[in-house]
Amino acid sequence: MSGRDLFCQPRRFGRGAALTLVFASVLVAGAATGSLPEPDRKAASAEPRSTTAARHEQVAEAAAEAMAEGKSPVEAAEQAVSRSGDRWGAVYSEGEYEEFEEALDGRYTGVGLWARRGRDGRIQVTKVRAGSPAASAGVRVGDRLRSVDGEKVDGQPVTEVVSLLRGDATDAPVGTAVRLGLERGTRAWSVTVRRARLSTDSVTVRRLADDITVIRIDSFTRGSGDTVRGALRQAPAGGGIILDLRGNPGGLVTEAVTAASAFLDGGLVATYDVDGDQRALHAKPGGDTGRPLVALVDGGTMSAAELVTGALQDRGRAVVVGSRTFGKGSVQMPRRLPDGSVAELTVGHYRTPSGRAVDGRGITPDLDADAEALERAETVLSGLGPE
């Protein structure tokens, strides 16, 4: 499992704690651009109470009643969502939702380090952002992170470690201090750093031997789709491509479709439903369909990243290598509540071009690979040729 203190994940995720920047939340962008029509309020009043409009209304009423009684509208809304049995439903305060929007823009509050948990449960630093608080404090790749503010992190899920680094429990803003316990070889020490507002490049590109280009997408933030297209244009002619989606928690669906379009010449990317009304997402024409392509995935590949994987696999465009993906294929719709908070409720699910459901199932790779996934991908590319 791998992770980062990369995103300002909303504090109240409940059952969806590790799944920020997912396909569901991305429908905010769809609604803003008109691709997802606003609910027909008049029609909704005559529909069964199980529809999205009716369920949103129930949550809004709970929040309004709590406000009138001087209680927490967010807590009341959370309880209403929990009672509904919506697995991926969530409620965010106004501030949390603003942070979420910033994360979609590639901005976040953190210390600037990436980490992973090894098989022994130890947390190791895998990347340090240049110019970040962590870099200024001398933290290096390979250092072991032993504790955060005195709390030992060995054995904890990386998502929990990330939460400690960000200070989620105390809503820690920019400038607040966090003490890191570190180890390098035989040396153990502690250092205090201050959280900062940082930006991230969600797409990174590197070149391997034999003209193979690795395009890694950490998440589908704004502009990432065009960055993928640009990276593909600059790759050596005829060289193979490894699209690394491991640990990608999702992001903006519009960006995911743009990224998929880089490798497809139009056609279906996915279908989804909103209260039973079927919709479709299509790739833009003119993508590169000739280069050999391998998509790398794992159990941390979620949501919009699964959407891209499913499209490339079903369309016969890529060989998928790695382990089964997470299985987050539900669609959420947001609504602003009376106090300014936002409730997102599940309205449907998406399917791959061949009609496969993803939610709760994930996507099975064509070739299983774990620790040696990248090497396996290189081997696969060596056996593929330009079409």
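Mentor: Gladly! Let us begin with a term: a residue is buried under 20% relative accessible area, exposed over 50% and partly exposed in between, using a 1.4 Å probe and protein chains only. Buried residues make up 53% of the 387 residues in the protein chain. This is a predicted model, where local features need pLDDT of at least 70 and side-chain atom pairs count only at pLDDT 80 or more, while totals for chains, interfaces and linings use all residues. Residues are numbered from 1 along each chain as its sequence is written, and side-chain values use heavy atoms, leaving out hydrogens and water.

Trainee: Why is leucine 113 called buried?

Mentor: Its relative accessibility is 1%, and the cut-off for buried is under 20%, so leucine 113 counts as buried. Leucine 113 lies in strand β4, residues 113-117.

Trainee: Why is aspartate 211 called partly exposed?

Mentor: Aspartate 211 has a relative accessible area of 42%, which lies between the 20% and 50% limits, so it is partly exposed. Aspartate 211 sits in the loop between β11 (203-207) and β12 (213-217), and has a positive phi of about 60° although it is not a glycine.

Trainee: What makes α3 a helix, and how many residues does it have?

Mentor: Helices are DSSP runs of H or I with at least four residues, strands are runs of E with at least two, and both are numbered from the N terminus.

Trainee: How do you know which residues of α3 and α4 are in contact?

Mentor: Contact means heavy atoms within 4.5 Å. Helices α3 (residues 52-68) and α4 (residues 73-84) pack at an angle of about 150°, with axes 8 Å apart; axes are lines fitted to C-alpha atoms over the stretch in contact, and angles run from 0 to 180 degrees between N-to-C directions. The contact includes Val59, Ala62 and Ala63 of α3, with Pro73, Ala76 and Ala77 among those of α4.

Trainee: What classes of residue make up that contact?

Mentor: It has 10 nonpolar, no polar and no charged residues. Ala, Val, Leu, Ile, Met, Phe, Trp, Tyr, Cys and Pro count as nonpolar, Asp, Glu, Lys and Arg as charged, and the others, Gly among them, as polar.
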